[in-house]
2 protein chains.
Amino acid sequence: MAHRVAAQIPHPLDLRSIRIQDSYWSSYVDLIRQTVIPYQWEALNDRVPDAEPSHAIKNFRIAAGFEKGEFGGFFFQDTDLYKWLEAVGYSLATHPDPDLEKVADEAIELVAAAQLEDGYLNTYFTVAVPGQRWTNLLDCHEMYTAGHLIEGAVAYYYGTGKTRLLDVARRFADHIDERFGPNPGQLRGYDGHQELELALVKLYEATNEPRYLELASFLIEERGQEPNYLVAEWEKRGRTSAWAPGIVQKSPPHMPYHQAHKPVREQEVASGHAVRAVYMYTAMADLALKKGDASLLEACKRLWNNVVNKQMYVNGSIGSTHHGEAFTFDYDLPNDTNYSETCASIGLIFFARRLLQLEPRGEYGDVMERALYNTVTAGIAGDGKHYFYVNPMEVWPAASEGNPGKHHVKAVRQKWYGCACCPPNVARLLSSLGHYIYTANEDTLYTHLYIGSETKHSLGGRQVTLSLKSSMPWSGHASLKVEAIESAATGTFALALRVPSWSKNTAFSLNGQPVQPIIKDGYAYVTREWQAGDEISIELDMTPQRIYSHSQLRANAGRVALQRGPLVYAFEETDNGAPLAALSLKRDSEIRPAASEWRSDVVMLEMDGVRLAEPADRIASLYGDAPPVETPQKLIAVPYTLWGNRKPGEMLVWIRESR
Amino acid sequence: MAHRVAAQIPHPLDLRSIRIQDSYWSSYVDLIRQTVIPYQWEALNDRVPDAEPSHAIKNFRIAAGFEKGEFGGFFFQDTDLYKWLEAVGYSLATHPDPDLEKVADEAIELVAAAQLEDGYLNTYFTVAVPGQRWTNLLDCHEMYTAGHLIEGAVAYYYGTGKTRLLDVARRFADHIDERFGPNPGQLRGYDGHQELELALVKLYEATNEPRYLELASFLIEERGQEPNYLVAEWEKRGRTSAWAPGIVQKSPPHMPYHQAHKPVREQEVASGHAVRAVYMYTAMADLALKKGDASLLEACKRLWNNVVNKQMYVNGSIGSTHHGEAFTFDYDLPNDTNYSETCASIGLIFFARRLLQLEPRGEYGDVMERALYNTVTAGIAGDGKHYFYVNPMEVWPAASEGNPGKHHVKAVRQKWYGCACCPPNVARLLSSLGHYIYTANEDTLYTHLYIGSETKHSLGGRQVTLSLKSSMPWSGHASLKVEAIESAATGTFALALRVPSWSKNTAFSLNGQPVQPIIKDGYAYVTREWQAGDEISIELDMTPQRIYSHSQLRANAGRVALQRGPLVYAFEETDNGAPLAALSLKRDSEIRPAASEWRSDVVMLEMDGVRLAEPADRIASLYGDAPPVETPQKLIAVPYTLWGNRKPGEMLVWIRESR
């Protein structure tokens, strides 16, 4: 991997050097490779029965002149193919597959054929609105789409060594670099939907071309400057939006929604569309890292703190409202109307990984783990063919149907969506999972996630082969073993293991003997002359925990959530009966791990609760002065991430607590 | 009053025979007369500074040819003037006021001048879209507007004896009667917004013209029949909506929203726009009454039961969602996103009054009282110049500002609205309050509401003067005294007093001696040869009560509301501090009436509660495993109807209950 980083800055490892073998995660990773990638290819080709058509391949064929027809789908429909290619690139890095590579190569030829002479590439603008390039950055996701092309190209290049798509991406990036910038004759614009910025940093890493880093920096720094480019552009095109053609708008577009209301360095709180926000923060962290920019890092940390300590759900999801798929404001975290888009948690993981490179602090790993184990995997069904965009904290299926304010809250995972951002985003994240397990610099290997895997890496000047074994998330044992060290030369290096904040009692052993590593900022460091066969083990505390919320978080007052290890739990109607709102968890109840009749590997939780019901003489009325009748009831909780995989029904994360 | 009803059917009394003198209600009634009616006249003339213009008078002036200009406001802007004239009519009935009458007469001349030769009258259609009459009943409220003209005209006729506006209304009604009906050449249409139906029944009562009753019946019975008129009309005009001109719609309009999805007699549950629904139910009850139609009465009772026992808030408000200002479905009563429009509670009062005529049952009076004492008066500020459309059960001002799903929930009452339906609706209801206090037939006077007043009425063949004295809602004593009986002839009649369901212990006395009246269906009947000076007294139980909800009402699980007499209570930030969600009421706490520092007449409630807060080491984070710290706190509750009259802040009706 061509990362150009200072020796001391930890970076993710080359995917090709990591082989995931994990009793929990392998099934997800295999699902992506064996089911999701092939299924999504069918979807991109409009061959999934009863699902909304993607139009993606068709659009490229039309743009390339291979067939006639009209553009279909959203402005950014191309990204579905690009994200698929990105996932394929990651997958091929670890699991070579000539058949899949052949299909992908053909798709890449199609992409290349759709590129114009001058490097421009976007089927919406080529087919549907030729001549309107770069006139509506606010609405049309033109740079966003370019960003996904670049991310796909870089991943495919790393995975296969092939430069065909990378060359296409470079030509487009060069075209953009010519058109946009601070110089006379250039546009000082940036996209309504951030994404190109982080992609350009990847392109810089892959090519060593500093122009790409500078362009990313320009796009980030220009954002939110006065006079506001996006507002001026809107004025220029007659105050219209591509989302509501022909209507002259009274008010200018809302800049906080696009994180363009002030320069990014001055932004204090997370606002607007959640995915855009975290993609931007990721690029900011990338730039802080590449450029050693301390004040940009400060801005990143300020925004991180706001997101994590004021605007994040307990499942690591973000976006309190479906109106604009957006953040709202501090402590506003309603459970039954939240958006909590799967893509936004993926973006939060991107951001956390960059911060972990900048500063190996456990809090970043904790959030990364929380989002990954709970929300990202909740986004995908066990069959790999059904997805959640929205990850509610509470579901009443009748309200999802019958209350328009909750129509976005789906009670069951859906097939392919018209706006299919989440499914391929899950695929690209899970197929590059290795990038999140470890980072390393010259003399320290950080383990952030306990996901069983083998890896090779140069540490302390020696090529080291390591194997990580983990029983997570069902039990708390993990061990990292030095399987082999290539060179005979001696030298020390450190293995740093993340100590999750949820583990209240953590024990370590080295080669079977208890050991007390140095704990710093949530990581346990063992530095020594590691020898082949050495093994450091960690025993995490898997005692189920009650989680309480800050009192400003009004929606959770008097309520409790459950967590065991990294997994947040939920109550489902299928285990507990409806209405779930009538149930409470006894404050003094033990929380007992329990077997699941459904899946032998899954640890359920069992506890003592109370059900409220109305007195018999008041069943026909809404209100009455007689207190509810209380009946003891055993409650069962299921890992949140697995909810909705059995019978459809109600779901609840935050349950009332009673005495 | 020219009611033509069978002798045994109780009817409301002539407003001119009722004089309200009540320590609680007189201030509201005076406020309407002295402040609201003059203020609204200023508003109708666009003379209220900083308020949205009404356009109403201006539209009529343009339509009448008195000035040039463009139509302003909504399709139904005329109704603001009509509802004002209705309120003026009621006011003049009890409080003659030559100056006000002169202003009103001039406004009536303006209305008359805007009427066309053929009787048609609607300034939107005359000024803005001439030639489009009766082509979009679905969207344009054309009959709705006619209905308010008629209601205004009838009220003004009863209040002043003048027929000028009544004649205008009749000419328009005749025009509609010609155009719509079951005969060849007539349109089988009905309005998207019900209102004309109940108005035509009033016109029938005022004029004895049976055609108006039959037209009302036609409109009610035709509604929801197949083929659906409103859908066919939409097809005919190219599948467009007047609310989004130029856009061809993919789906036909949603008929349940308009209560036109099936014939009204077959409707089982309340659906759609709440005001339209209850206006329709009112007309259905009117027709059931006038025509002695038992099956229509059955439909009314079925819908009443659904509203009251499945879809009504504890403050007597309806409409669970702002999307379409509508009902949602059974037991879906969210507290923080409800609509609960003031107008809808007014319509519910209309419906209840008709049912009380059909069957004097306490449950109808209970709901009428609940809606009136809690929601209707909550809609208007103490200054008579600020109003709530939406009556939330829970307010977090920051969320009203910062969460788009709660923008409709206003934390403070607003000045005049662009769509100003509620303020004049409150005015017309409160200025006709007498219509809701009593109904009577030949030998029974029913007292439904304990609102101090004097009245004269013929009972048992004798002209009887009665005075009702009441200390409600602050204490529970009321008495009804026969002040005078005109004729010397003897004869019995009954005085029936409603026994509110909230009064768990009710005592009666006759001329100071305890008495046990016959209690039937929530009314206490005392039948005797009443003499001048006789007095029946009722002592209602004002013990504060806890109210619990049905367990299917998920939003209120584990919560309790408070009621004392007819008043539901709420907690405000100004008394209790924020966040209110952190507070709970102790199950074993006494609920103590308490004095208010704010208003000496108001009874507050005081009780023992608990505040939750996070441990000191966790103030900066959202979540943690340490249980919240509990601190005892005295809680203060204010009558819901008076909330938001002091410092702006949070408000909460349903508080958590703790042990």
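A salt bridge here is a side-chain nitrogen of Lys or Arg within 4 Å of a carboxyl oxygen of Asp or Glu. Keep that in mind for the legends below, which all show a predicted model.

**View 1. A:E630 and B:R659 reach across the chain boundary.** The side chains of A:E630 and B:R659 come together with N and O 2.4 Å apart, so the pair counts as a salt bridge under the 4 Å cut-off. Opposite charges on side chains can pair up when the charged atoms get close. Across the interface of chain B and chain A, the rule picks out eight salt bridges. Polar contacts turn up here too: 18 residue pairs between chain B and chain A, both residues at pLDDT 80 or more.

**View 2. Chain B laid against chain A.** Here 62 residues of chain B are in contact with 62 residues of chain A. Together the two chains bury about 4900 Å², and carbon and sulfur atoms give 57% of that. Which three residues supply more of the area that chain B buries against chain A than any other three? They are B:R554, B:L622 and B:Y623, and their share is 17%.

**View 3. What the chain B side of the interface is built from.** Between chain B and chain A there are 18 residue pairs in polar contact, counted with both residues at pLDDT 80 or more. Several elements of chain B each put at least two residues into the side that touches chain A: α13 (294-310), α16 (397-402), β14 (545-549), β19 (603-613) and β20 (623-624). The largest share comes from β14(B), with five residues. Sorted by class, this side of chain B has 30 nonpolar, 18 polar and 14 charged residues.

**View 4. A strand of chain A pairs with a strand of chain B.** Strand β21 of chain A, residues 623-624, is joined to β14(B) by two bridges. The two strands run antiparallel. Zoom in on A:G624 and you find B:Y548 as its bridge partner in β14(B).

**View 5. Domains 1 and 2 of chain A, side by side.** The contact between them takes 27 residues from domain 1 and 28 residues from domain 2. The area buried between these two domains of chain A is about 2300 Å², with carbon and sulfur atoms giving 55%. On the domain 1 side, A:P360, A:E369 and A:I437 supply 24% of the area buried against domain 2, more than any other three residues.

**View 6. The A:R498 and A:D366 salt bridge.** A:R498 forms a salt bridge with A:D366, and their closest N and O atoms are 2.7 Å apart. Between domain 1 and domain 2 of chain A the count is three salt bridges, alongside 12 residue pairs in polar contact, both residues at pLDDT 80 or more. Which elements give two or more residues to the side of domain 1 of chain A that touches domain 2? They are β2 (18-20), α15 (362-378) and α18 (434-437) of chain A. Of the elements on that side, α15(A) gives the most, with seven residues. By class, the side has 15 nonpolar, seven polar and five charged residues.

**View 7. Strand β18 of chain A and its two partners.** Three bridges join β18(A), residues 583-586, to β20(A), residues 603-613, and this pair runs antiparallel. β18(A) also pairs with β24(A), residues 655-658, in the parallel sense over three bridges. A:L585 is a handy residue to look for: its bridge partner in β20(A) is A:G609, and in β24(A) A:L585 stands opposite A:E657.

**View 8. A salt bridge between distant parts of chain A.** A:K162 and A:E101 form a salt bridge, with their closest N and O atoms 2.7 Å apart. A:K162 sits in the loop between α7 (142-160) and α8 (164-179) of chain A, A:E101 sits in helix α4 (residues 98-114), and the two are 61 residues apart. Over all chains, the structure holds 90 salt bridges.

View 9. Most residues other than glycine have a negative phi, and most peptide bonds are trans. In chain B, the peptide bond from B:E226 to B:P227 is cis, with omega near -5 degrees. B:P227 is in the loop between α10 (210-222) and α11 (229-236) of chain B. Another cis peptide bond joins B:M472 and B:P473, with omega about 0 degrees, and B:P473 lies in the loop between β6 (462-470) and β7 (477-485) of chain B. In chain A, A:D46 has a positive phi, near 60 degrees, and lies in the loop between α1 (25-44) and α2 (56-63).

Technical notes
Residues are numbered from 1 along each chain as its sequence is written. Chains are lettered from A and ligands numbered from 1 in the order in which they are written. This is a predicted model: local features need pLDDT of at least 70, side-chain atom pairs count only at pLDDT 80 or more; totals for chains, interfaces and linings use all residues. Side-chain values use heavy atoms; hydrogens and water are left out. Contact means heavy atoms within 4.5 Å. Buried area is the accessible area (1.4 Å probe) that two parts lose on being put together, summed over both. A polar contact is a pair of N or O atoms within 3.5 Å; within protein, one must be able to donate a hydrogen and the other to accept it, and residues adjacent in sequence count only if both atoms are side-chain atoms. Helices (H or I, at least four residues) and strands (E, at least two) are DSSP runs, numbered from the N terminus. Ala, Val, Leu, Ile, Met, Phe, Trp, Tyr, Cys and Pro count as nonpolar, Asp, Glu, Lys and Arg as charged, and the others, Gly among them, as polar. Two strands pair if DSSP finds at least two bridges between them.
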